[in-house]
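Dear colleague,

I am passing on a structure for you to look through, and my notes follow it. Please read them with the sequence and the coordinates open beside you.

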Amino acid sequence: MSELKPMSDNTPSSPERRRFVGAATATAAGLTIAPGVMLYEVAHGRSEDQPASSAVRWGMLVDATKCATGCDDCVTACSTENGWTPVAESKHPKQAPQWIRKLELQDPLTQMETNLPMMCQHCAEPPCVDVCPTGASFKRADGIVLVNRHTCIGCRYCMMACPYKARSLVHEPLNDTQKPDVPRGIGCVESCTLCVQKVDRGDGNTACAEACTAAGHNALLFGDMNDPESEISRRLRELPTKQVRADLNLNLGVRYHGI
Amino acid sequence: MASITFREVEGSSLKYWLLFGALGLFVLFGAAAWNHMHHYGHVVTGMDNQIVWGLPHVFAVFLIVAASGALNVASIASVFNKPMYKPLAPLSAILSLALMLGGLLVLVLDLGRSDRLIVAMTHFNFKSMFTWNVFLYSGFFALVGIYLWTMLDRTVKSYSKAAGTAAFIWRLTLTTGTGSLFGFLIARELYGTSMLAPMFIIMSFAYGLAIYLMVLVAAYAWTGRTLGDAVMMRLKSLLAVFVAAVLYFVVVYHLTSLYFAKMQGVEAFILRDGGILTMLFWVGQIVIGCVVPLVILLSGLGKQRTWIMIACALIILGGMAQMYVTIIGAQAYPLDMFPGLIEKSPFFDGEVHSYSPSVPEFFLGLGGVAIALLVTMFAVKVLRLLPASLDDATVAKLEH
């Protein structure tokens with residue numbers, strides 16, 4: 001499975017250094033490889049023998065002002081695409097894994113309510129990757145944070161470390177809802193993969209964002225945050241956005257507007 | 001300096017074998033509990049995706065912390081050149097190895113994929129405190145093993161101080177590593193502080209010595225050997241100092257947190273509103289684990305052996321309560337992703353998470369305790385670890 005190849009950059013380095021290396025790599029790639037190849041790569045996915053490229057940084061923009069109260073189409077789409085049982089349908093809800101959930105926020109003073117989906121924030125400096133003893137938790141060159149199912153020992157240290165409660169342990173044997181391109185397993189930890197199987201196929205979108213668009217809300221936008229011409233980059237330039245727990249300085253791949 | 005005769009425990013009495021069998025039974029229960037959890041998955045435990053580390057971790061971390069503390073007596077003898085402690089050193093070393101073994105077994109058998117232990121030993125991420133701990137634990141076994149060898153084999157006795165010093169430095173590093181397992185976590189309010197490393201070290205001194213004293217007294221009482229008051233009084237005074245230091249660290253830790261507005265929610269939860277956790281903190285950790293033992297050890301009651309044993313037992317119980325509050329308490333309080341806002345979700349965001357340990361978790365933890373005691377019991381039978389007598393006259397001769 002292509003998504004199982006740990007092509008992470010595990011070396012501790014500053015965001016500045018990462019950006020510099022990223023920019024240098026992009027420039028070098030741009031000079032040596034025909035731009036057409038690059039475009040093809042992003043638009044049509046990549047073959048299994050090609051590594052993920054740090055020229056790309058996959059990310060998501062969540063517009064909380066458009067996120068509809070009571071709608072959980074993104075959650076349903078994610079569970080269908082990735083084959084996990086929704087928490088509400090599980091026999092053991094507290095032990096059921098979740099990859100994405102709807103969060104309702106309320107300001108106790110002003111009573112203002114906000115809705116938003118919460119999932120793995122695909123940090124550039126992910127605490128889960130730092131603490132993982134075996135290196136099973138890793139960040140791909142294109143910014144997607146994943147768990148290698150072959151080397152996860154189920155210690156749950158990443159779950160202790162994640163500030164977003166984004167990770168879940170699979171507590172019981174899985175039923176047959178599993179998808180062939182989304183490996184899961186009892187005793188291992190899992191979380192949102194930004195639909196890495198779709199990204200690598202070249203779909204250019206995630207199941208949650210597709211569902212949100214289909215429902216007419218357009219609250220979720222997936223794309224390459226490194227490409228200044230991409231829709232997500234354009235919107236991020238225009239809209240004021242925030243990172244959740246920005247104080248932790250983790251440089252998140254998911255940005256929120258309207259929180 | 002007078003010489004001391006070390007002798008194996010005969011270990012042929014019915015009482016010895018009954019105790020041996022009883023401990024063995026608990027080891028078997030522990031194995032059965034692991035098999036159950038491994039077969040059905042963590043769904044059979046009380047742990048979930050909110051409380052991800054549960055009772056097995058309480059037992060495991062307590063045993064690992066106590067293990068490094070149990071080495072104290074040996075360290076005082078060889079590192080700080082106190083001859084009175086020399087005869088007490090071999091038991092100290094074997095007990096620390098046994099407790100470490102028990103703790104580690106519980107820790108690794110609670111893994112979601114305990115069958116993948118080999119992966120943990122072959123794949124390393126050196127930015128992870130867990131990885132560092134893997135090396136610290138392995139090194140501990142090696143160094144304390146060598147140290148024990150220098151104590152038991154006359155031909156290598158001259159290396160005892162060097163080995164003892166190395167083991168002492170290593171055990172301080174090890175407990176720093178154990179405390180930092182939590183100290184290096186940014187997500188939860190009660191973790192992410194360097195206070196945890198020194199606090200765990202001082203806790204290890206107290207818990208380890210309390211266990212050591214109970215094992216020492218039991219071994220001497222059950223084998224009919226003499227254990228003089230000189231040894232007991234010295235060790236109980238030391239224990240009182242350690243317990244007082246634990247109390248000091250706990251007070252400073254919570255006072256500092258209380259001062260910061262962002263921490264007041266979680267502090268109020270632990271100190272006032274946390275239900276069972278609040279009770280475990282005040283009654284278990286503070287009163288049973290610190291205040292009552294201090295009163296016993298520092299008052300006239302501390303001159304009686306029975307009361308010293310009661311104080312030791314209370315310190316151990318208080319230590320378990322402390323680990324429970326430290327590990328479960330920090331997870332029970334919801335993550336504050338949006339400070340100042342009320343959070344709600346179908347995935348239990350914004351709610352205090354409850355936790356009821358299951359029977360398999362409890363027996364897995366007890367299995368670790370049983371294996372530690374079983375190893376110690378067997379070791380004193382086959383190795384010359386215990387002085388034939390520790391009466392006051394013999395001990396007094398050592399001092400001169």
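A residue is called buried if 20 or more other C-beta atoms lie within 10 Å of its own, exposed if 12 or fewer do, and partly exposed in between, with the C-beta atoms placed from the backbone. By that rule, buried residues make up 49% of the 259 residues in chain A. The model is a predicted one, in which local features need pLDDT of at least 70 and side-chain atom pairs count only at pLDDT 80 or more, while totals for chains, interfaces and linings use all residues. Residues are numbered from 1 along each chain as its sequence is written, and chains are lettered from A and ligands numbered from 1 in the order in which they are written.

Chain A has 8 helices and 9 strands, where helices (H or I, at least four residues) and strands (E, at least two) are DSSP runs numbered from the N terminus. Strand E1 (residues 58-63) of chain A runs parallel to E9(A), and 4 bridges join them; two strands count as paired if DSSP finds at least two bridges between them. One of these bridges links A:Met60 with A:Val254 in E9(A). In a regular strand the side chains alternate between the two faces of the sheet. In strand E9 (residues 254-257) of chain A, A:Val254 and A:Tyr256 point one way and A:Arg255 and A:His257 the other, and all of them are buried.

The contact between the chains takes 49 residues from chain A and 38 residues from chain B, two residues being in contact if their C-beta atoms, placed from the backbone, lie within 7 Å. On the side of chain B that touches chain A, helix H5 (117-122), helix H6 (129-152) and strand E2 (342-344) of chain B each supply at least two residues, and the largest share, 4 residues, comes from H6(B).

Finally, which way does phi go in residues other than glycine? Most of them have a negative phi. A:Gln111, however, has a positive phi near 70°, and lies in the loop between strand E2 (100-106) and strand E3 (113-119) of chain A. A:Gln111 counts as exposed because it has 7 C-beta neighbours inside 10 Å. B:Asn81 likewise has a positive phi, of about 55°, and sits in the loop between helix H3 (72-78) and helix H4 (89-109) of chain B.

With best wishes
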